[in-house]
Amino acid sequence: MTWARKYFFALTCTLLFNDAFLNTTVPKKPHIIIILADDLGWNDVSFHGSSQIPTPNIDALAYNGLILNQHYVQALCTPSRSALMTGKYPIHIGMQHGVILEGEPWGLPLTEKLLPQYLKEAGYATHAIGKWHLGFFREVYTPTFRGFDSHYGYWQGLQDYYDHSCKATFEPYQGLDMRHNMQVDNKTIGIYSTDLYTEAAINVIAEHNKSKPMFLYLAHLAVHAGNTYEPFQAPDEEVAKFLDISDPERRTYAGMVSRLDESVGNVIAALRKHGMLENSIVLFMADNGAPSFGIHSNKGSNHPLRGMKSTPWDGGMRGVAAIWSPWLKQTQKVSSELFHISDWLPTLCAAAGIEINDTSLDGVNQWDVLTKGAKTKRSEILHNIDNVDNPQKYYAALRVDDLKYVAGTDNNGQSDEWYGDTDNEIDKYSPKEVLYSKAGITFNALKTKLQIKQKHAADPKTNSSDALRTILTDEKILELREFARVRCNYDNKGAHCNSTVKPCLFNITDDPCEQNNLAESQTDLLKQLEDKLAIYKSTMVPPGNKPFDKRADPARWNNIWVPWYDELDKQKAIETMRLHKPLLSPTTVIYHFSCAWRIEINDTSLDGVNQWDVLTKGAKTKRSEILHNIDNVDNPQKYYAALRVDDLKYVAGW
């Protein structure tokens, strides 16, 4: 299939964003849609210059909106998602080390207030679809207990694309991980995950009560690898589009990206169909760079950036990102403003009119940057500090203005080079071929007629920014594509850096591929960044990681991943009831199991007594009496009453 045919599927959509803008009646609270891709490589979207895997729907969103070319995330899934949800650096919430592996009993601290909680308090309907990866060993750590009205998806870091099981990364345990809210869903086995989550998102949009604003968090499995025994999975018809790619694994990965791109187009089209697009903020981004090789490799490409997922280099942390909204000050533009994933909580809350007074946030409110063209207040990003107590594995990375400091590394330095396809391997189609035809889902969702644009431009009452929403031309797309492309000078790499030996310093603006180490020539600047890093170190909290708990093994729980700490508590409670037989009544049993499930009850009219500590801690019972019943008070012939107090029982009547 030629590039022109691939773009025929999706590049007509360019004008639907214009149509949405020109017909906008701006509400006080916009719909907010975050589409999060998992492990997507910098070089695996065509708006960054690659011609190997066309992403016309994602491109349409980017070209009609704002390409965020300096958008930084964390280097791994769990830390990135924790920063997105809390607006804080992972070092400040104990999420800086690795990810939550399948049987580890920890999660995003319950003391943190999350983005959906802020939005829900402001009247939003909040929905999560897809991946969670922020803890599930107890139910209170799962999405519907953390601010989401609904969740459809999985709690772990990955799953099989078809049977939706998750195999533990370093253990032999495997089980189903698929939920509709708290209910296990085993009816979707055989349905491709990307399609499943797309359909769920479309249904949420279709069923949404338009009187309320909506927050939709669509966190795709794509393009993360599946289970280790079959990591590359895509529908045959998608893989068949990329027969020109010789590497069969890379070819399947291209199919995974292509299906993700189609999903973006279908979600945009659904928003348009149901009259919500013109009131929306749509943010597309990756959670980290691609793992080009190694554990859970997906054969993604971060070319030409250095490093990959899990590393302190830009290949791991400079993420694909674009935003579209009718509120943006400038569109059809590549932004070089510095963004961090933690910025989205305060930024989106500002868009929703929510005032946040939490001074502990690390995220910066960038709403005025996006909507008024203001200068960003962010001048630095702490990429991460990890393994402070282990010099062999320690690493830290910090960016201040144009400078980036790197000390130490991850994976023993085995992921510190430049990986992925090169320019010569990816540019198999001419730009004109790429742009020859504009047709498809996203561009159709954004389409308007030229005369509508001209009418608004001629109307003196129309906001001037409306009139500037011009139809994209081939030349404009090529211009944006060229601006968004990162180029490196591989013939002149400069002073080599080995961060495992000494700290390194780069001018990341002039040297985006981290080739020329300035540490020896700019010692004063190096010292300034080290002093700033020391301040961040002083604010760190210990990582919250816990050892793998084999009691999480799905084989114990009907081959399903469950909140096993809650299940163990229930088992213990049942066993204690059998052995000790404390004084109970039916009302007590209801109260007792409510407490076992971590439900707080403030109803003072209850007669039941909370016996949870009696069952689980051996505490003294608070119940000393039971009223068995009182009946027929007005009929002395049939009246009866029964009461127990401590060891005594009173009976009157019958």
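These legends describe close-up views of one predicted model.

The model is predicted, so local features need pLDDT of at least 70, side-chain atom pairs count only at pLDDT 80 or more, and totals for chains, interfaces and linings use all residues. Residues are numbered from 1 along each chain as its sequence is written, and side-chain values use heavy atoms, with hydrogens and water left out.

**View 1. The ten-stranded sheet.**
An open sheet is built from 10 strands with mixed pairing. Its order is S9-S8-S5-S4-S10-S1-S11-S12-S2-S13. Strand S9 (183-184) and strand S13 (333-335) are the edges, each pairing on one side only. Strands are DSSP runs of E with at least two residues, helices are runs of H or I with at least four, and both are numbered from the N terminus. Two strands pair if DSSP finds at least two bridges between them. Strand S2 (residues 66-68) runs parallel to S13, joined by 3 bridges. Leu 66 has Lys 333 of S13 as its bridge partner.

**View 2. Helix H3, enclosed.**
Buried means under 20% relative accessible area, exposed means over 50%, and partly exposed lies in between (1.4 Å probe, protein chains only). Among the buried residues of H3 are Asp 59, Ala 60, Ala 62, Tyr 63 and Asn 64. H3 lies across S2, strand S11 (280-286) and strand S12 (321-324). Its direction is at about 65° to S12. Axes are lines fitted to C-alpha atoms, for helices over the stretch in contact, and angles run from 0 to 180 degrees between N-to-C directions.

**View 3. Where H3 meets H8.**
The axes of H3 and H8 come within 6 Å and cross at roughly 55°. The two helices are therefore oblique to each other. Angles under 35 degrees count as roughly parallel, over 145 as roughly antiparallel, 65 to 115 as roughly perpendicular, and the rest as oblique. H3 brings Pro 56, Asn 57, Ile 58 and Leu 61 to the contact. H8 brings Asp 261, Glu 262, Val 264, Gly 265 and Ile 268. Contact means heavy atoms within 4.5 Å. The residues of this contact divide into 5 nonpolar, 2 polar and 2 charged. Here Ala, Val, Leu, Ile, Met, Phe, Trp, Tyr, Cys and Pro count as nonpolar, Asp, Glu, Lys and Arg as charged, and the others, Gly among them, as polar. Helix H8 (residues 248-273) also lies across strand S1 (31-37), strand S10 (214-219) and S11. H8 runs at about 170° to S11.

Helix H10 (residues 344-351) is mostly covered, with 7 of its 8 residues buried. These are Trp 344, Leu 345, Pro 346, Thr 347, Leu 348, Cys 349 and Ala 351. Gly 353 follows H10 and has a positive phi, near 75°. Gln 366 sits in the loop between H10 and helix H11 (367-372). Its relative accessible area is 0%, so Gln 366 is buried. Neighbours within four places in sequence aside, Gln 366 is in contact with Leu 338, Phe 339, Asp 343, Thr 347, Thr 376 and Arg 378.

**View 4. The disulfides.**
The structure holds 2 disulfides, each a pair of cysteine sulfur atoms within 2.5 Å. Cys 488 and Cys 513 form a disulfide with sulfur atoms 1.3 Å apart. This pair links distant parts of the chain, 25 residues apart. Cys 488 lies in the loop between helix H17 (474-484) and strand S18 (504-507). Cys 513 lies in the loop between S18 and helix H18 (523-538). Cys 488 is partly exposed at 22% relative accessibility, whereas Cys 513 is buried at 1%. Another disulfide joins Cys 497 to Cys 504, S to S 1.8 Å. This link is right-handed, with 85° about the S-S bond. Cys 497 is buried at 2% relative accessible area, and Cys 504 is buried at 1% relative accessibility. With the bonded cysteines numbered in sequence order, the pairing is 1-4, 2-3.

**View 5. The three-stranded sheet.**
An open sheet of 3 strands has the order S19-S20-S21 and antiparallel pairing. Strand S19 (625-631) and strand S21 (648-653) are its edges. The twist averages 5° from one strand to the next. S19 pairs with strand S20 (residues 640-645) over 6 bridges. Ile 626 has Arg 644 of S20 as its bridge partner.
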